[in-house]
Amino acid sequence: MDVLVCIKRVPLSGGKFTITEDGLDIESAKLGFTISPHEEVAVEEAVRIAEKEGGSVTVLTLGPPDAEEQIREQMAIGADRGILIETDGQEWDPQGTASAIADAINADETDFDLIIMGNESADASGYQVGIRVAHKLGRPVVTGVKGITIADGKATFERPVKTGREMYEVPLPAVVTVLDGLNIPRYPSVPGRIRAKKKPIERLNPERPEPKLEKTHLEVPVMKSRQAQVLGNGPEAAPAVVEIFKQIGVI
Amino acid sequence: MSTLPSRAKAVIIGAGIVGNSMVYHLARLGWTDLVQIDKGPLPNPGGSTGHASNFIFPVDHSKEMALLTFDSVSQYKEMGVFTQCGGIEVARTEERMQELWRRMQSAKSFGIDGCKMLTPAECIELVPYMDPDVILGGFYTPTVGVVDSLRAGTIMRERAQEMGSLQTFANTEVTGMVVNDGQITAVETDNGTIEAEYVVIATGLWGPRLAKMAGASIPLTPAVHQMIDVGPVPRFADAKGDIEHPIVRDMDTNMYERQHGNGLEIGSYAHRPILHDPEELPSVEEAQLSPTEFPFTAEDFELQYEQALELMPEIVGDETVGQKYAINGLLSLTPDGLPLLGETPEVKNLWSVSAVWIKEGPGIGKAVSEWMVLGESAIDLQSSDIARFYDHQKTRKNIKDRTAEGFNKTYGIVHPNEQWASNRNVRLSPYYERQKALGAEFYETAGWERPFWYESNADLVEKFGDAVMPRTAEWESRWWSPIINAEHLQMRETAGLVDLTAFVEFDIQGPGAFDTVQRVCMRQMDVPIGRVVYTPVLSDNGGFKSDLTVMRLAHDHYRVVTGGAHGMADLKWFRDNLPEDGTAQITDLTSSLTTLGIWGPNARRILESITRDDVSHDGFKFGTCKSIEIGSLKVLASRISYVGDLGWELYVPMEQGAQLWDALWEAGQQHGLIPVGIGVYGTTGRIEKGYRAFGTELETEFNVVEAGMAPPKVKEADFVGKASHLKHRSEDPVATLCSLTVDDHTSSTGEKRYMMGKEPILTLDKEPITDAHGRRSFVTSAGSAPSVGKHVLMSYLPPEYAVEGTQLVVEYLGEHYPVTVAVAGATPLFDPKNERILS
Amino acid sequence: MVLVLVDHENGEIDEASLQTLTYGRELAAAAGEPLEALVVGDVGVAGSLGAYGVATVHVAVHDALTGYAPVAAARAAADVASRTGSSLVLAAGSPRGNEVMAHLGALTDLPVAADCIKVTPGSPTQVVRARWGGSLIEEANLHGAPALATLVPHTVAAEAGGSGTGEVAEFTPELSDADLFVVARQGEAAHESSGVSLADAKVVVSGGRGVGSAEGFAPLEELAELLGGTIGCSRVVTGNGWRPHTEQVGQTGTKIAPDLYIACGISGATQHIAGCRNSKTMIVINTDPEAAIMGYADYAIIGDVSKVLPAIIDETKKAKVG
């Protein structure tokens with residue numbers, strides 16, 4: 001099984017976002033970068049599949065040259081090679097992103113049996129790149145998946161819904177987008193990191209198409225500013241808490 | 001949020017380990033009405049304390065830092081937040097093994113007991129997950145431990161609050177500082193303005209930003225220290241508490257490894273220096289983790305992964321052990337690696353307690369609080385005094401260059417005479433080009449490039465043969481040349497010309513000038529015009545604040561001459577002691593005047609050949625100064641000597657220095673004048689004369705009587721430290737500064753070895769020697785005494801050993817060498833009657 | 001014409017679809033255009049849509065449509081949109097709504113704006129949409145006709161209205177085999193513990209790092225039961241394996257809007273806040289009075305979860321008995 005995982009470099013969002021002066025980006029000079037939890041489990045799942053079934057794991061991203069950092073991180077987890085579709089740092093819209101990814105996959109020597117993506121990116125959250133890639137490749141796609149079973153050239157995907165779960169059985173090759181919770185991803189080991197340094201990364205440089213979903217402005221929403229009213233310290237605050245329970249009618 | 005009170009005795013900015021320690025000790029020493037503010041939340045406001053690795057290795061080559069650390073550990077223990085786990089510093093190279101033996105010396109010299117050298121096998125017994133094949137040995141300190149610095153901070157803060165002396169305001173950011181007439185008067189915050197008599201900046205790497213608001217300078221830079229945490233480690237699965245395995249410092253790779261719960265923390269000082277700007281730190285809200293925890297840059301840790309894997313393959317090589325956490329933590333670095341403590345020289349009552357590590361925090365809080373409340377601290381803080389810097393040293397370039405160079409020396413093997421490579425040629429004397437042409441080997445003092453010796457004198461090495469005491473061991477030959485000793489011997493035969501431009505000179509003038517110097521200086525200043533007085537400057541407790549020379553140039557005009565290294569602190573001390581009524585003023589002449597010293601039996605012949613003024617023994621007495629003419633130069637000549645020979649210090653305006661050099665040089669040719677470097681002036685010349693140096697022999701922890709420098713009688717007039725000095729004179733000293741000679745230099749391999757300073761002096765049973773005040777005996781200065789053919793060590797010794805002829809041993813790099821007390825007290829070894837100077 | 005894709009399950013129309021219809025009705029009215037809807041597979045639910053102002057309910061019927069089939073649904077939508085000349089196609093910003101709309105975008109090669117909170121038709125259509133799980137707001141131009149967008153649930157409340165007749169127009173979409181590769185079949189019911197799902201719970205008692213261990217959740221479970229609620233947790237907790245991921249509240253977990261959210265030992269990272277910011281009342285129990293979550297909470301108790309919760313449980317029991 002040769003598995004491709006798509007990831008996206010995004011700023012680490014531990015604190016309050018600040019927007020750049022042009023209103024188009026997050027001020028990231030002081031921030032670190034990471035990938036979405038959805039993508040972390042995607043890579044972990046791919047590595048588990050390769051460990052079990054044999055084969056390879058390729059990590060692909062579309063992003064600035066610095067996105068090599070995210071590819072190397074995932075190589076430390078166990079990915080074998082990387083494809084970096086380099087941008088000049090400008091955001092690509094979902095259609096442009098999907099085209100570039102599909103082109104890269106078509107051009108690649110490996111015929112990927114399974115392409116795994118996060119259900120939606122952490123930052124843009126467009127919910128569509130995986131689906132668009134699948135259409136371009138002519139492959140079935142299942143989204144929002146939290147369980148993957150591979151058997152006899154077919155994949156069974158499990159998707160949680162309110163009432164329980166839906167099962168999808170599709171022939172391979174296929175595309176799947178996954179959700180955090182699919183597994184608990186491992187931390188990279190030090191030997192894994194050392195090996196990652198030497199793994200190959202292929203760089204591609206397609207042109208950025210004009211975006212059809214064109215970002216014009218970003219802002220931090222005005223949150224209802226609450227300052228918690230302190231009911232007390234330790235157990236003696238319990239009666240006050242129960243008063244609140246009564247007020248809002250939960251008891 | 002409650003509002004700030006409108007005034008306070010002192011506002012302490014910062015609630016990290018340092019700010020909390022300050023509020024506690026200030027309260028303990030009796031100050032009430034303290035207000036502490038921090039822009040972050042409590043108990044972890046987001047500074048460097050919050051991400052510190054929190055371990056403490058007590059051994060340090062700096063006595064000041066070792067004592068402050070020792071005191072901090074006692075405080076942490078008292079608070080119940082110290083867990084002793086032991087620590088091993090391991091060596092991968094022979095050079096490092098030697099360095100570990102040096103650490104053993106420092107341990108014994110500064111009283112850190114129980115340390116021992118370990119074989120690889122012994123290291124593995126303590127830390128079984130190390131690969132013994134990677135290391136040559138280790139230095140074990142049983143008293144290494146880990147502290148909970150956040151908890152300690154909370155305890156100290158709450159103690160101050162419980163005393164009713166402190167109010168603390170979190171989430172309160174300083175927006176401005178109010179300075180009136182050079183004195184801080186108030187702090188402006190986003191929660192109101194508070195007037196204060198004193199303001200203490202204890203904000204770690206935000207210090208520069210705050211100081212700038214007041215027009216002061218705290219020269220530090222935030223720098224990255226990388227740390228990762230890997231786990232879970234199967235071997236540590238049952239670990240109880242924070243730590244139970246010894247901490248390992250892998251010195252040669254600039255890394256450490258410590259068990260933390262079921263994980264292993266790996267820290268590094270090996271990566272490229274990553275310096276940040278205090279102005280550009282993120283706010284608490286913007287920061288991803290905290291304002292001082294930056295995103296980890298894995299590419300800077302690449303080599304460290306491999307090195308950690310080499311040393312601890314069982315853990316680091318385990319594929320199931322993952323990297324759970326990694327940060328680029330920020331800490332504060334300074335141009336010389338030492339803290340920034342004390343009142344800022346720019347703004348009165350604005351204090352800095354900056355660039356302090358967890359290991360020194362409580363000790364420094366205590367010492368600086370003593371300094372603020374009592375006027376001085378029990379532990380001498382002279383090398384950390386923030387007043388030590390010259391303007392050029394506070395520039396962004398100097399800070400960045402020197403911290404970048406210093407960073408990778410965090411675990412480095414730093415030679416006692418090691419020179420900085422960066423930011424050199426900052427201050428050049430008028431003689432610089434001439435000296436370069438003579439092959440000067442330049443060392444730096446306070447930015448000045450000073451010849452340490454001259455290659456042009458290389459021929460003299462052959463002339464004096466074994467009398468130059470040649471060295472074969474690489475360590476002692478590094479940053480040294482036998483030419484130094486050859487210059488010394490030649491100067492004693494003919495004459496030497498010494499560049500002393502690095503001296504700090506400042507004038508005190510006005511009707512109040514006499515009272516000022518009389519109060520600050522221990523020696524009598526009520527002297528005739530034209531007298532030159534060498535005097536200690538005392539602290540209240542009778543220890544040494546400085547030693548310097550004062551010339552009386554007019555009834556209301558004194559000129560102070562002091563060393564370059566400590567000159568700025570001296571200048572501040574005199575400024576602090578000026579009369580409040582403005583009747584005396586200080587003018588700093590350091591950059592206006594240049595000084596040349598000419599000493600040796602032929603010095604007078606040379607001088608009289610180029611001046612018509614009387615420079616005869618009777619016409620120009622020792623200890624006097626006067627203006628003489630040399631060609632078109634008016635020269636202030638001062639007949640004193642720090643090298644033990646006849647001669648003068650000659651002062652002229654900076655722009656005329658080159659002329660003076662040329663005149664002396666030309667006249668000196670027929671009298672055998674040679675250029676002589678600071679190697680002679682600073683070490684060999686003085687040490688055989690028993691002259692003490694500030695910062696090595698002289699410090700506030702030892703008094704004038706112990707140093708052997710008490711004058712026959714004490715002046716009538718009052719002076720700082722007089723009461724203490726009188727008391728010291730009435731008691732038998734518990735230690736006396738002695739000169740010891742090394743009887744046999746031969747090591748076990750047959751090579752002759754020469755001590756460099758700070759080695760422990762031991763009894764014949766190789767036991768440490770401790771005086772009645774608990775102070776260890778160790779070598780304060782070491783150096784060749786070429787004229788007496790000995791290597792001389794200075795050391796304070798308790799009375800039972802401070803007896804001429806006493807046999808002792810010195811420990812040097814793991815071996816013991818016999819020494820003899822040659823002089824107890826200040827009598828010179830060479831020319832004890834000072835016939836040369838007085839000829 | 002404004003076309004809204006309406007989702008349904010077991011004969012019931014999805015609430016978020018009704019909200020989208022309500023929003024679409026306003027846009028259609030403003031433009032003087034009709035509001036139409038597409039239902040895939042279930043004629044039975046179509047009749048009720050007239051009440052929401054729908055003029056025509058297109059119902060796609062096909063033998064192979066035995067369950068939720070996203071590509072087939074998109075194919076049907078493309079068919080209707082093209083036949084009717086829709087200017088705007090809307091769906092709920094739910095997992096299914098976003099999925100079908102993405103397929104529609106792929107089939108028609110048109111851009112899709114997902115998770116909008118405002119759509120202003122025009123040329124280009126202007127949208128305001130949520131990024132980072134709502135932590136950032138983006139304004140964007142959508143260059144495509146028809147404009148394809150999904151609407152964040154609860155942007156508006158579902159309200160009947162309008163003058164639609166709800167005429168039902170059945171049709172059979174042309175589906176290829178590939179359109180039917182992906183069809184949901186029901187899995188066995190998930191091993192949900194109580195009956196209350198996290199997304200719908202009125203009370204959520206949620207735990208973070210400060211709970212300390214898997215065992216530490218016992219008092220949280222007890223309180224949740226007393227209050228008729230369920231358990232939630234932060235990402236640290238699922239990462240440590242203390243609780244299943246189904247209980248994770250946050251940007252990559254479940255986004256909830258309960259009447260009462262009790263956050264125990266949770267510091268309040270952006271990722272977590274994105275999932276619980278819409279709670280009506282938030283009570284926080286934390287040892288750190290300066291924890292980030294305090295800025296989102298209504299009430300706070302400063303203290304250790306393991307000490308505070310048992311006291312609250314006791315008091316609650318007393319109150320219930322009393």
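I began by settling that helices (H or I, at least four residues) and strands (E, at least two) are DSSP runs, numbered from the N terminus. I also noted that this is a predicted model.

**Chain A**

With that definition in hand, I looked up chain A and found 6 helices and 14 strands in it. Along its principal axes, the C-alpha trace of chain A spans about 65 × 45 × 40 Å. I then checked burial, and 52% of the 251 residues of chain A count as buried. Turning to contacts in chain A between residues at least 6 apart in sequence, I saw that 71% of them join residues at least 24 apart.

**Where chain B touches chain A**

I next looked at the contact of these two chains, in which 23 residues of chain B meet 19 residues of chain A. On the side of chain B, the elements that give two or more residues are α7 (302-311) and β18 (322-333), and α7(B) supplies the largest share, 5 residues. I sorted the residues on this side of chain B into 12 nonpolar, 4 polar and 7 charged.

**Two helices of chain C**

Last, I followed helix α2 (residues 70-84) and helix α3 (residues 95-108) of chain C, whose axes come within 8 Å and cross at roughly 60 degrees. Because of that angle, α2(C) is oblique to α3(C), and α2(C) passes α3(C) in a right-handed crossing. Among the residues that make the contact, I noted Pro70(C), Val71(C) and Ala74(C) from α2(C), and Val100(C), His103(C) and Leu107(C) from α3(C). The residues of this contact divide into 9 nonpolar, 2 polar and 2 charged.

How values were computed:
Residues are numbered from 1 along each chain as its sequence is written. Chains are lettered from A and ligands numbered from 1 in the order in which they are written. This is a predicted model: local features need pLDDT of at least 70, side-chain atom pairs count only at pLDDT 80 or more; totals for chains, interfaces and linings use all residues. Axes are lines fitted to C-alpha atoms, for helices over the stretch in contact, and angles run from 0 to 180 degrees between N-to-C directions. Angles under 35 degrees count as roughly parallel, over 145 as roughly antiparallel, 65 to 115 as roughly perpendicular and the rest as oblique. A crossing is left-handed if the near helix is turned anticlockwise from the far one by less than a right angle, and right-handed if clockwise. Two residues are in contact if their C-beta atoms, placed from the backbone, lie within 7 Å. Ala, Val, Leu, Ile, Met, Phe, Trp, Tyr, Cys and Pro count as nonpolar, Asp, Glu, Lys and Arg as charged, and the others, Gly among them, as polar. A residue is buried if 20 or more other C-beta atoms lie within 10 Å of its own, exposed if 12 or fewer, and partly exposed in between; C-beta atoms are placed from the backbone.
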